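Welcome, and thanks for taking a look at this one with us.

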Amino acid sequence: MRAPVSAFDSYWKPEVPDGPRGQLFRKYVALFVAVVTVALMASGLFDMWFSYREQRALLLNTQREQASAAAGKITQFVEEIERQMGWMTQLPWSTASIDEWRFDAVRLLRQVPAITEIAQLDAAGREQALVSRVAADVIGSQTDFSQHPKFVEAMASKHYYGPLYFRRESEPYMTIAIAGARREYGVVVAEVNLKFIWDVVSQIKAGNRGRAYVVDANGRLIAHPDINPVLRNTDLSHLAQVRAARNAGSVPSSVEEDVNDLQGERVLAVYSPVASLGWLVFVELPVVEAYGPIYASVLRSGMLMVVAICLAGLTGTFLARRMVIPIRALRDGAARIGSGDLNQRIAIKTGDELEALGDQFNSMAAQLQGWHATLEGKVEERTQQLKLANLAKSRFLAAASHDLRQPLHALGLFVAQLRGDMSAQERSRIVECICASVAAMNELFNALLDISRLDAGALTPNVMEFPATQLLQRIESTFAEPAREKNLSFRVLPSDAWVRSDFILLERILFNLVSNAVRYTSQGGVVVACRKRGEQLRIEVWDTGLGIAEDQRQNIFSEFYRLGEPERDQRAGLGLGLAIVDRLCTLLALPIELRSVVGQGSRFTVMVPQAPVRPVAEQPVVARVPIDVSDGKLIAVIDDDPRVLDGMRGLLRSWGCRVISGDTAVVVVKGLAACPPDLIISDYRLSDGKTGIEAIAQVRDVFGGAIPAFLISGDTHSDALLQARANGLQLLHKPVDPMKLRAMVNRLLRKQPAVDALG
């Protein structure tokens, strides 16, 4: 008896095709192979051509980057020397200050090893002093350099770069001269060792035989891996690449055609200018070495293309024989699944992509079945998550509202007391209480603003490398006194490690941790220490406080969560410090650990990536400036709130300022008449539909010049901060502490003389 034949079996056991169908089948196979072959050939040819172009462009880009990097190092080298020399031109020359000048000159030689000699020329071009590493110091030689280019050109253009010369026929030198801001300041002249430039070009490796060298504006060789051509004072202006670079100007580029190098070999040449000196940095690679990998790659691609065409022909024949029946099975199965029969499964056993496609159809049908069955459960789960999120938000707002109402309630009581009769001592005490309540509100607003910025992603870390001792010293200077007032032992152990992170944000993390440790420790002490663990530095904060129970260790990183909440003792903070720590650690990708024993204390650990240890450069001594420069200054204040205007006028006038205020820029300009203000303070959002940025620009347009200005805003959205930065303005968020406001006013007013001098 014959077994029944299923419909699926009929797909896999088709009747043998007759003659005409076989002929059509052969035509289909031939057409398929022809199309694939043509496509592969076209694709292969295009790939070989573009591969050649891309490889050549890659070589040129690599050389261009090397040349630009070397030019950048040379420019940085010269600019750093000029910057250091600039300190020597700040005051006019005087024989009475010779000791101070020699002290500054010795310090300059110590800070800039490349400078061998430093000399001071007076306003008449006579040498008054010379300090050297290799010769005896000379004071008052009165040598006349009034006609020398280093004096003439420096006095004319403030800078002078001398030609290359050699000492002892081996060390390249050049002269750099910088004139003071006024003629009586004279000219400072330095003899600079250019061995650094030779080190730069010697370290550039372009392939196996490539090289880098530097020429001056006239095409004369300055630096070369082989010092002999430099000592021979070789002129390279006749080379095609040098000639083209001199004609092109100061734009980094490459010479597209192959050119000859100093030895006559064909090379690919790329150059980058050193704009301040007029020098050119060249990087060259022999053509034989440059194009060798390209030709080998093209040959390999051609061979692979031939093999691929052959395989494509064989594969086309095989697929043409195998694809018809599985495709029909896929079509029918997909139709049944599409009609709603999710129990339908497609069975194809071809071992190729068609089988994988059938499995994907089956997986899709199974997933649709599962989703349909669990849809109600997922909806319920999402609803519950939304409820929990709303509850958390409500708790957050309730806690914030409570902590805002506390100082507001206290303020109302204190203000009511001020209206009655009282002694001067009692009035002073109430004023101090009002200031404390305002400070508490300001602290809460700043903490809420920090959390808002972190949740909105408005903070961008500024990662840098710095010594950990800077953080440790700031921690010790900030918290040693509060710990001493509580009779606590406070130790910060030194560390010589360097770390890589955002200094300000990492400091905020550690300040919050140490602040909590001091606040919640009543006896014993607090220790801050660092431990090196592999590539990480563990910064640990130990305390001998009450400790944190296991069931509270996750909650302490939530907003407005305080330990000891039932007592509501005065030592409790806002409950936002660890929430900010948690968000900052997430932003900086810094793991944080907590270990605690109830009744014994806690240890918080922040793990920061280590950086290579570097010597700390000496900081230049900056002259002290007056703390308060606002007395007698004319300040324009723009705000649409009359109470804010009244408060700002009273505060600024108490500092000795003259104030012109108004709710729009037009009113302020009318009040200023023809007298330009020394400073502009504006609210960010004004009632006339304009922003403070536009109001400041309007006042500046009327009086001309870049008048110092800054913004004050109650808008905590990141857009306001970004727009202020884009226009070069500082932004303070309301409420603004008067001391912070005064510091901003003084800082901007101190810049005013420099602006006038430039204008």
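For sorting lining residues by class, Ala, Val, Leu, Ile, Met, Phe, Trp, Tyr, Cys and Pro count as nonpolar, Asp, Glu, Lys and Arg as charged, and the others, Gly among them, as polar. With that in hand, the largest cavity of this predicted model has a lining of 4 nonpolar, 3 polar and 3 charged residues.

**Cavities**

- The count of cavities of 30 Å³ or more comes to 2.
- For the largest cavity, the volume is about 50 Å³.
- Its lining is made up of R211, Y213, H224, L236, L239, Q241, D261, L262, Q263 and E284.
- The second largest cavity has a volume of about 40 Å³, and the residues lining this second cavity are P172, L194, I197, W198, I222, A223, I227 and V230.
- Two or more residues of that lining come from each of α5 (195-203), β9 (221-223) and α6 (227-231).
- Sorted by class, the lining of the second largest cavity holds 8 nonpolar residues, with no polar and no charged ones.

**Overall make-up**

- You will find 20 helices and 24 strands in the protein.
- The protein has 759 residues, of which 40% are buried.
- Among contacts with a separation of 6 or more, 62% join residues 24 or more positions apart.

**Nonpolar cores**

- In soluble globular proteins, nonpolar side chains tend to be buried together.
- The largest nonpolar core here has 43 residues, and those touching the most other members are I81, M85, I115, I118, V192, V214 and W279.
- Helix α2 (residues 19-86) gives this core its largest share, 8 residues.
- Leaving aside residues up to four places away in sequence, I81 touches V112, A114, I115, I176 and V192.

- D737 sits in the loop between β24 (730-733) and α19 (738-750).
- Its relative accessibility is 35%, so D737 counts as partly exposed.
- Although D737 and V438 are 299 residues apart in sequence, their C-alpha atoms are 8.9 Å apart in space.
- R474 belongs to helix α12 (residues 468-485), and R474 counts as partly exposed because its relative accessible area is 39%, which lies between the 20% and 50% cut-offs.
- Along the chain, R474 and F511 are 37 residues apart, with 9.1 Å between their C-alpha atoms.
- R474 touches F503, E507 and F511, when residues up to four places away in sequence are not counted.

- Which phi does Q142 have, although it is not a glycine? The phi of Q142 is positive, at about 60 degrees.
- Q142 is placed in the loop between β3 (138-139) and α4 (149-157), and its 35% relative accessibility makes Q142 partly exposed.
- K158, not a glycine either, has a positive phi of about 75 degrees.
- The loop between α4 and β4 (159-161) holds K158, and K158 is partly exposed because its relative accessible area is 33%.

Key. Residues numbered from 1 in each chain as written. Predicted model: local features only at pLDDT ≥ 70, side-chain atom pairs only at ≥ 80, totals over all residues. Heavy atoms only, no water. 1 Å grid on protein atoms, 1.4 Å probe; cavity = no way out; pocket = protein on both sides within 12 Å on 5 of 7 lines; lining within 4 Å. Points joined across faces, edges and corners; volume = space filled by probe spheres on them. Helix = DSSP H or I, 4+ residues; strand = E, 2+ residues; numbered from the N terminus. Core = buried A, V, L, I, M, F, W, Y, C linked by side-chain atoms within 4.5 Å. Buried < 20%, exposed > 50% of the residue type's maximum accessible area, 1.4 Å probe, protein only. Contact = heavy atoms within 4.5 Å.
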